[in-house]
Amino acid sequence: MHINYWTELKRSKFGRTGLAMISILVFLALAAPLIAPYDPWAYVGTPLAPPSGEHLLGLNDIGQDIFSELLYGSRTTLMISSGVAIFSTLISLAFGLAAALWGGLVERVILRLIDIMLIIPVFLIAILVASFFQPGVTTLIILLTCLFWPPGARIIRAQALSIKQKQHLTAASSFGAGKGYLVYRHLLPDLYPIVTVNFIQVIRRAVFMEAGLAFLGVFDPVQKSWGLMLHYASEFIFTGAWKWWLVPTGFMISYTIIAFVLIGYALESALDPRLRRQVYVGH
Amino acid sequence: MRKRYLDYILAIIIILSLNFFLPRLMPGDPLTAIYGDALLEMSPQLEAQLVERYGLDKSMGEQFIVYLGNLLRGDLGYSYYFNAPVTEVLLEALPWTLLLVGVSLVLSTIIGILIGIESGWRHGSRLDSLLLISIMFLNGIPSFFLGILFLIFFSFEWQLFPLSGAVTPFSDYTGLALFWDIARHMFLPVLTLTLMQVPRNYMLMRNSIISVIREPYILTAQGKGLKEGIIRYRHAARGALLPVITRLGMSIGLMFTGVLFIEIVFAYPGTGHLFYQALQNMDFPVVQGSLFFITVFVLLANFLTDLFIIKIEPRLREDAYQLLDRT
C-alpha cells in the first residue's frame with residue numbers, strides 16, 4: 001500500500017478545499033497577536049455594545065472585543081486538537097504495534113483494554129471527569145488522549161498484523177532484522193496512510209469535544225475558547241447580540257470541523273476500498 | 001461471546017470506580033467535593049447522617065462496598081437542590097429523554113437509509129455529489145449550535161414553536177390537545193437530533209449500496225428484466241441494509257450523548273437538562289447520577305446490539321468490534 005498521500009489529497013476537490021480552509025485557520029491562529037485589534041482579556045468598552053467601526057463584532061457581556069476573542073479562540077482549538085491527535089496517535093501506535101509484534105499475553109491484555117474502552121461512551125466520561133476538574137488546556141489534552149487512542153490502536157494492530165504476513169518482512173527478519181528495525185524500516189512506512197486517516201479523525205473529534213465541553217461550561221473559564229464563547233453567548237439570545245456574537249462563533253467551530261471532515265473524506269477515499277466502506281461519520 | 005460479557009462487566013466496574021473515586025480524589029473531603037457550598041448550610045446532624053449513610057468514616061474498601069450496596073438498592077444519593085432522592089428525580093426526567101431519542105432514532109434511520117439509497121444508486125451523479133456535500137456540511141455543524149439557530153429563528157424570531165419545556169406549564173390539556181402540545185414542544189429537539197444522526201446512516205447506506213451494485217445478483221436481477229425500482233429497493237437496498245442495522249446500537253449510544261446537548265439548548269426536561277441544571281447548581285449527586293444513568297443506557301444498547309448482531313450475522317462477529325466508533 002504505497003500511496004502518495006500528498007498527491008492524492010491535492011487531487012481530490014474535497015481534500016484541496018479542506019486543506020485551504022485549515023491553512024487559513026492556522027494562519028489566523030499564528031498571527032492572532034498581530035491581527036487582533038485588542039487584547040481579548042481586556043475590558044475595552046461598554047458591555048454588549050453592537051458592532052461598530054472600532055469593534056468589528058461588538059463586545060461581549062464583560063466588555064471584551066469579540067473579534068479578538070474569536071482569533072485567540074482558534075489558538076486554543078488548534079492547540080488542544082493537535083495535541084490530542086499527536087499524543088493519542090503515539091499511544092495508538094505503541095499499543096497497536098506492541099499487540100501485533102509481541103502477541104501472547106501482551107496482545108490479549110491490550111485487546112481487552114481496547115474492547116472495554118470502545119463500549120464505554122467516551123463523551124459522557126469526559127463530561128463527568130471535566131465537571132469535577134474544570135480542566136485547562138493541558139488537562140484536557142491528557143483527558144481526551146486517554147479516551148481517544150483505542151480505535152486507532154485497534155486499526156493499527158489489524159493493519160500491522162497483515163503487513164507482518166507480507167513476504168518482504170519475512171525476508172527481512174530471515175536476514176536477521178530485529179523488531180525495532182522492522183518497525184522503523186517496514187511497518188511505520190506502510191502504516192503511514194492509516195495513521196494519517198486516524199490522526200485527522202482524532203483531530204476532528206477533539207475539536208468537537210473541546211467545543212462541547214466548553215459549551216457545557218466544564219472548561220477553564222479563563223481560556224479563550226469558542227465553546228465557552230458559545231456558552232456565554234447562548235445566555236443572551238433574547239437580545240440582538242446573537243447575530244454578531246453567537247453566529248460567528250458557531251460558524252468558526254463548524255468551519256473547523258467541516259475542514260477536517262473534508263480532508264478526512266479525501267484521505268479515506270484514497271485508501272484501499274475495504275477501508276473506504278468503513279467511512280466514519282458522527283461525532 | 002462469553003468474553004464479550006466480561007467486557008461489559010469490566011466496563012461497568014470501570015465506570016462505577018470512576019463515579020466512586022472522582023469525588024474522593026478531589027482535594028478536601030468527599031462531602032465537600034460532592035455537596036460543595038450546600039454543605040455550609042447543612043446542620044451538623046445532617047452531615048453526620050451523610051457520613052453514616054456513605055460510610056465516610058470507614059476505610060476506602062468498606063466505603064466502596066457501602067457504595068455498591070446503595071447502588072443495588074437503587075440509591076444514587078440525595079439531591080439537595082431538588083430536595084429529593086436522585087433516583088426519583090432521574091426517573092421523572094427519563095421518559096422525556098426516551099421520547100426524544102425514540103422518535104429521532106426512527107426518523108433518522110428511515111431518512112438516512114432512503115437518501116443513502118438514492119445517493120449510492122446514482123453514484124457519481126450530480127444528485128449524489130450534492131447530497132454528499134450537504135451531508136458533510138451538516139455533519140460538521142455541532143448539534144448545540146444547530147439547535148440554538150433553530151431556537152432563535154423558529155421559536156424566537158418567527159414564534160412558530162415554544163421556547164422551552166415539554167408541555168405548556170399550568171395547562172390542563174387532555175387527549176388530542178395534550179398530544180398536539182407535546183408534539184409542538186418536541187418538534188425542534190427531534191428535528192435537531194434527527195439531523196445530527198442522519199449523516200451517519202446516510203454514509204453507511206450510501207457506501208454499502210455502492211459496493212452492492214457491483215454484486216452479481218444485481219446483474220441477474222437486471223438480466224431478468226426487473227423494473228429498476230424493484231431492483232433498487234427489493235434487491236440492492238435489502239442487501240445493503242446490514243451495516244446500518246448492525247450499527248443501530250451504536251447510533252442509540254451516540255444519540256443518548258447527543259440528546260444531552262439538545263435538551264440543554266431547548267430546556268427540554270429530560271435527563272440531559274437535569275444534568276445541566278445540577279451542574280450549574282453544583283449538585284454533584286445528580287450530576288453523577290444522571291451521567292451514570294445515561295452511561296448504563298448506552299452500555300445496554302451496545303450489549304443488545306452485540307447479541308443481535310451475532311444472532312443475525314455470525315460472520316460479522318469480528319467486524320462488529322472493529323467498526324465500533326463512537327464518541
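Predicted model: local features only at pLDDT ≥ 70, side-chain atom pairs only at ≥ 80, totals over all residues.

**Chatting through the model**

Reply: Happy to. Residues are numbered from 1 along each chain as its sequence is written, while chains are lettered from A and ligands numbered from 1 in the order in which they are written.

Me: Where is B:Asn83 placed? And what is its phi?

Reply: B:Asn83 sits in the loop between β1 (78-79) and β2 (84-85) of chain B. Its phi is near 55°, a positive value in a residue other than glycine. Helices (H or I, at least four residues) and strands (E, at least two) are DSSP runs, numbered from the N terminus.

Me: How many helices and strands are there in chain B?

Reply: Chain B has 15 helices and two strands. Buried residues make up 40% of its 327 residues. Among contacts in chain B with a separation of 6 or more, 70% come from residues 24 or more positions apart; two residues are in contact if their C-beta atoms, placed from the backbone, lie within 7 Å.

Me: Which domains does the assignment give for chain B?

Reply: Domain 1 (2-75) and domain 2 (95-326); the bounds come from an automatic or database domain assignment. In chain B, 11 residues of domain 1 are in contact with nine residues of domain 2. On the domain 1 side, the elements giving two or more residues are α1 and α2 (30-35) of chain B. The largest share, seven residues, comes from α1(B). That side divides into seven nonpolar, two polar and two charged residues. For the classes, Ala, Val, Leu, Ile, Met, Phe, Trp, Tyr, Cys and Pro count as nonpolar, Asp, Glu, Lys and Arg as charged, and the others, Gly among them, as polar.

Me: Switching to the two chains: how many residues of chain B are in contact with chain A?

Reply: 44 residues of chain B are in contact with 46 residues of chain A. Elements giving two or more residues to the chain B side include α1 (2-25), α8 (175-213) and α14 (284-312) of chain B. α1(B) gives the most, with eight residues. By class, the chain B side has 30 nonpolar, 10 polar and four charged residues.

Me: Nice. At what angle do the axes of α8(B) and α12(B) cross?

Reply: At roughly 145°, with the axes coming within 10 Å. Axes are lines fitted to C-alpha atoms, for helices over the stretch in contact, and angles run from 0 to 180 degrees between N-to-C directions. The residues that meet include B:Leu193 and B:Met196 in α8(B), and B:Met255 and B:Val259 in α12(B). By class, this contact has six nonpolar, four polar and two charged residues.

Me: Is helix α13 of chain B mostly covered or mostly exposed?

Reply: Mostly covered: nine of the 10 residues in α13 (residues 271-280) of chain B are buried. Among them are B:His273, B:Phe275 and B:Tyr276. The buried residues of α13(B) pack against α5 (122-133) of chain A together with α5 (86-121), α12 and α14 of chain B. B:Met282 follows α13(B) and has a positive phi, near 55°.

Me: Now α14(B). Why does B:Gln288 count as buried?

Reply: Because B:Gln288 has 24 C-beta neighbours inside 10 Å. B:Gln288 is found in helix α14 of chain B. B:Gln288 and B:Gly77 are 211 residues apart in sequence and 9.6 Å apart in space, C-alpha to C-alpha.

Me: And B:Val296, buried or partly exposed?

Reply: B:Val296 is partly exposed, with 14 other C-beta atoms within 10 Å. Its place is in helix α14 of chain B as well.

Me: Last one, on chain A: what is A:Ile127 in contact with?

Reply: Leaving aside neighbours within four places in sequence, A:Ile127 is in contact with A:Leu213, A:Leu216, A:Val218 and B:Leu291.

How values were computed. Buried ≥ 20, exposed ≤ 12 C-beta atoms within 10 Å, placed from the backbone.
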